[in-house]
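I set down each item as I looked it up.

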Amino acid sequence: HCDRYHDVSRRIVLIGDAAHGTLVFAGQGMNTALEDATLLDKLLFEPGATLGSAVENFSRTRVPEMEAMHKLGLLAYKSLTTPPARWRTAYQ
């Protein structure tokens, strides 16, 4: 997990799977990459924006959203791979 997706001094911004991988079965990889690109474009072209302020706002916005997406994906995966309790007791 990253606490930011940028490094202003190196002029680097990570977007899409480079910044945050998603579980394959969730089918959100391309969607999150497009959301990243759209938000970064918006932030870069806001009046008065600098590269530093834009990427700082980008990380501040996307990091919590992607952490939530990751947690949701893990919960969904666990629900798909863990049989219900009634099944476990019936086959033990």
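Which residues does Ser59 touch, not counting those up to four places away in sequence? I find Arg4, Tyr5, His6 and Pro64, where contact means heavy atoms within 4.5 Å.

I note that the model is predicted, with pLDDT of at least 70 needed for local features and 80 or more for side-chain atom pairs, while totals for chains, interfaces and linings use all residues. Residues are numbered from 1 along each chain as its sequence is written, and side-chain values use heavy atoms, leaving out hydrogens and water.

One of its polar atoms lies 2.7 Å from the backbone nitrogen of Tyr5.

I then checked burial. Ser59 counts as buried because its relative accessibility is 4%; buried means under 20% relative accessible area, with a 1.4 Å probe and protein chains only.

I placed Ser59 in helix α2, residues 51–81; a helix here is a DSSP run of H or I with at least four residues, and a strand is a run of E with at least two. Buried residues of α2 include Ala54, Phe58, Ser59 and Arg62. I recorded β1 (6–7), β2 (12–13) and α1 (29–44) among the elements covering the buried residues of α2.

Last, I looked up the helix pair. The axes of α1 and α2, lines fitted to C-alpha atoms over the stretch in contact, come within 9 Å and cross at roughly 155°. The two helices are therefore roughly antiparallel, a term for angles over 145 degrees on a scale from 0 to 180 between N-to-C directions.

Technical notes
Buried < 20%, exposed > 50% of the residue type's maximum accessible area, 1.4 Å probe, protein only. Polar contact = N/O pair within 3.5 Å; in protein donor to acceptor, adjacent residues only side chain to side chain. Parallel < 35°, antiparallel > 145°, perpendicular 65-115°, else oblique.
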